[in-house]
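Dear colleague,

I am handing over the structure below, and after it you will find an account of what turned up when I went through it. Please read the two side by side.

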Amino acid sequence: MDTNATPRRLCRFHDMPDGEAMALDVTLPEGEESVILLRLGERVNAWLNICPHAGRRLDWAPGKFLVSKGMLVCAAHGAAFSVQDGQCVGGPCRGESLRAVAVRVEHGEVVLDT
């Protein structure tokens, strides 16, 4: 891995509404994937946009997610994932979790942390 590589910018941090999720198509080492970005205060969590229950996307419309009471809810079957860590706390995949994608905030930008 080239440690001198320019960080892969995903979006501007302040363009993300606090407490809301968005999806971006991102090229990861395993290929292009839809990634969920969710801002919590000064932190951004990111996961693959794939529900572990049935392998479907979580968004109810492209890039639109239901976030309620600290949970990210899968539009297909209602699985509820903690916005803190992606752990499924309710629904058909309880005990499983979303697959995390490493990101960080750097100079006002959300970048892949690869």
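**Asp-59 and its surroundings**

In this model, the side chain of Asp-59 makes a polar contact of 3.3 Å with the side chain of Asn-49. Please keep in mind throughout that the model is a predicted one. A further polar contact, at 2.7 Å, links the side chain of Asp-59 to that of Arg-57. Asp-59 lies in the loop that runs between strand S4 (43-48) and S5, and because buried means under 20% relative accessible area, its value of 11% places Asp-59 among the buried residues. When residues up to four places away in sequence are not counted, Asp-59 touches Ala-23, Asn-49, Lys-64, Phe-65 and Ala-75.

**Asp-25**

Asp-25, which sits in strand S2 (residues 21-28), has a relative accessibility of 57% and therefore counts as exposed. Apart from neighbours within four places in sequence, Asp-25 is in contact with Glu-32, Glu-33 and Ser-34. From Asp-25 to Leu-10 the C-alpha to C-alpha distance is 9.2 Å, with the two residues 15 apart in sequence.

**The sheet of S5 to S8**

Four strands, in the order S5-S6-S7-S8, make up an open sheet with antiparallel pairing. Strand S5 (66-68) and strand S8 (88-90) are at its edges and have a single partner strand each, so one side of each is left without a neighbour in the sheet. On average, and with direction ignored, neighbouring strands of this sheet are turned by 35° against each other. Within the sheet, strand S6 (residues 71-73) and strand S7 (residues 80-82) run antiparallel and are joined by three bridges, and Leu-72 has Phe-81 in S7 as its bridge partner.

**Strand S10 and its partners**

Strand S10 (residues 109-112) is joined by three bridges to strand S1 (residues 9-12), the two running antiparallel, and by four bridges to strand S9 (residues 103-106), again in an antiparallel arrangement. Val-111 in S10 is the bridge partner of Arg-9 and also the bridge partner of Arg-104. In a regular strand, side chains alternate between the two faces of the sheet. In S10, Glu-109 and Val-111 point one way while Val-110 and Leu-112 point the other way, and all of them are buried. The hairpin formed by S9 and S10 has two residues between the strands, and in it His-107 takes a positive phi near 55°.

Key: Residues are numbered from 1 along each chain as its sequence is written. This is a predicted model: local features need pLDDT of at least 70, side-chain atom pairs count only at pLDDT 80 or more; totals for chains, interfaces and linings use all residues. Side-chain values use heavy atoms; hydrogens and water are left out. Two strands pair if DSSP finds at least two bridges between them. Axes are lines fitted to C-alpha atoms, for helices over the stretch in contact, and angles run from 0 to 180 degrees between N-to-C directions. Buried means under 20% relative accessible area, exposed over 50%, partly exposed in between (1.4 Å probe, protein chains only). Contact means heavy atoms within 4.5 Å. A polar contact is a pair of N or O atoms within 3.5 Å; within protein, one must be able to donate a hydrogen and the other to accept it, and residues adjacent in sequence count only if both atoms are side-chain atoms.
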